[in-house]
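Have the viewer open as you read.

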Amino acid sequence: MSDDIERPPWWLSDNEEPSDQGSSSRDSGSSWDMASMLGMVTSMAGEWWASSGASDHAGHGDPADHPECVICKGLLVLGTATSVAPVTELREVRWLPIRRA
Amino acid sequence: MELTAFDNRTAIRDLASTLSNAGAATKAVDVHAAMSSVQRTAMFIAAFEFAAKIPEPIVLQIGTSVPELIADICSMAVALEVGAPGHEMTARLSSAATAVASGEIGWLVATPPEPAAMTTVTTQIAQATALGLVTRGVLVAPMPRKSDGWPRKIREGARERVRELADHLFGVTVLRARAGNGPDFSRDDDHLIDPSVTKNVEGDYLLSVTIPGLQSCDLEVGVWSMDPSYPSTHLVLRLDGVTARIALDPTLRRCVGVEAVVAGDTITVPFVPDPGQWPTGKNDDDGEGEVAV
């Protein structure tokens, strides 16, 4: 086996050990999950954004004239939502004091 | 199947529109997060409705945080039930939320034997349990194998981490891959939150819930009412930013939550009867003040 087999793989990295092995995969051990999740969500939103035609919105004037544009549609919906009060207000959560036993 | 296979523009538009009519869109601060949340929720509804049409259970792969997805579904369902009752999308969303709470949907979590990933899984199991999601188990894979040349120290370290994870998630089935093969998980392994109510000598009611992994979470406990007739209809738990609501039974709805006592993975909330919710007996024809609950 080669020398690098003595080093744990990235998914076995130990937070308590200093990351001085010069391996970028080891260095990213504590944040890989968040980074990959963010990447996935961003990619998903990006694809949806591109396929929606939203990038064409810059040339649109009155939102009502562009029902096919997702941004214009959103502006119209938002205008409707803000002009009409919700049917019922949701009540606030009453937070309780916490005692550790 | 991948969750993204159910990306449906019409469902996203309908859900966003209904939420807007219910007043929810006006509260959105992070537009990107709100858009992603609505998109994920719409995909989940589409997947749920697809699964309902076929007799065999389907396995859905979800690459993002499952508790956050479930929390979004449950929160949006509550928002629509209050703000847009009777709407078609409200019914569709409520059906999916009910299926989650009734144990029809099970969650199998996979994680490598890496400390940061296992900490994330511990937190997510606690969040999912509070949300009422059935956890079938945790699969730890891939494990370092001797046949692949991994030294004994690394192999033993990985196995020790699996044991630690099982300790932190007491009550949840935690199994590791062996010889490159995944273990079988069955419905017998399912773990579901099981709140219990007892009455102490002072006449107060004690609601207790045990949540595996609770000790690794930042915790807030509160009460909330979706019906103005009662002081509270739900116990609210916020675990590392994910909010879960646990419905209170008819007795506790007529009581007032006092505090939260936390011991290990267990939360106990004393509820004191609200005098305004309980007849005193003074005006009762039969002179008795007992109420059947």
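Which handedness does the crossing of α3(B) and α5(B) have? The crossing is left-handed, meaning that the near helix is turned anticlockwise from the far one by less than a right angle. Before going on, note that this is a predicted model, where local features need pLDDT of at least 70, side-chain atom pairs count only at pLDDT 80 or more, and totals for chains, interfaces and linings use all residues. Residues are numbered from 1 along each chain as its sequence is written, with chains lettered from A and ligands numbered from 1 in the order in which they are written.

Helices (H or I, at least four residues) and strands (E, at least two) are DSSP runs, numbered from the N terminus. Helix α3 (residues 66-83) of chain B packs against α5(B) at about 20°, the axes being 9 Å apart. Axes are lines fitted to C-alpha atoms, for helices over the stretch in contact, and angles run from 0 to 180 degrees between N-to-C directions. The two helices are therefore roughly parallel (under 35 degrees).

Now the sheet: chain B has an open one of 3 strands, ordered β1-β2-β3 with parallel pairing (two strands pair if DSSP finds at least two bridges between them). β1 (106-111) and β3 (174-176) of chain B are at the edges with a single partner strand each, so one side of each lacks a neighbour in the sheet. Between β2 (residues 134-140) and β3(B) there are 3 bridges, and B:Val140 sits opposite B:Arg176 in β3(B).

Notes:
Angles under 35 degrees count as roughly parallel, over 145 as roughly antiparallel, 65 to 115 as roughly perpendicular and the rest as oblique.
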